[in-house]
Amino acid sequence: MAKPTDPDPRAILRGGLPDRYLTTDDIAEIFEVPKETVYQWRRKRVGPPGFRIGKHVRYDPADVLAYVSRRKSADLDAA
């Protein structure tokens, strides 16, 4: 989870790209889902694309924003 002094990742994404890669905890907080859901998305390859640094998974904020844009477009097309 984010430390009390860390800014809310959702606010960072709304205001612009953060200057760091996002963690699984950040993704769970941004999308307001349990961390296990983020792990399931990764296993099923249905969520934002992540990459591995050693044993840690990280997410590029630009990829997360692109994923959100694709999802929004798909939902609009389906409506």
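Figure 1. Helices (H or I, at least four residues) and strands (E, at least two) are DSSP runs, numbered from the N terminus. This is a predicted model, in which local features need pLDDT of at least 70 and side-chain atom pairs count only at pLDDT 80 or more, while totals for chains, interfaces and linings use all residues. Residues are numbered from 1 along each chain as its sequence is written, and side-chain values use heavy atoms, with hydrogens and water left out.

**Figure 2. The buried residues of helix 4 line one face.** P61, V64 and Y67 are the buried residues of helix 4; buried means under 20% relative accessible area, exposed over 50%, and partly exposed in between (1.4 Å probe, protein chains only). Seen down the helix axis, they fall within an arc of 120°, so they line one face of the helix. The arc is that of the directions from the axis to the C-beta atoms. L76 and D77, on the other side of helix 4, are exposed.

**Figure 3. D60 caps the N-terminal end of helix 4.** A side-chain oxygen of D60 lies 2.9 Å from the backbone nitrogen of A62.

**Figure 4. Nine residues form the largest nonpolar core.** The members are L22, I27, A28, I30, V38, W41, V57, Y59 and V64. Helix 2 and helix 3 (35-44) each supply at least two residues of this core, and the largest share, three residues, comes from helix 2. A nonpolar core is a set of buried Ala, Val, Leu, Ile, Met, Phe, Trp, Tyr and Cys residues joined through side-chain atoms within 4.5 Å.

**Figure 5. Surroundings of V57.** Leaving aside neighbours within four places in sequence, V57 is in contact (heavy atoms within 4.5 Å) with L22, T23, T24, R42, G50, F51 and R52.

**Figure 6. D26 is a buried residue of helix 2.** D26 lies in helix 2 (residues 24-31) and has a relative accessible area of 6%. The side chain of D26 makes a polar contact with the side chain of R20 (2.6 Å). A polar contact is a pair of N or O atoms within 3.5 Å; within protein, one must be able to donate a hydrogen and the other to accept it, and residues adjacent in sequence count only if both atoms are side-chain atoms.
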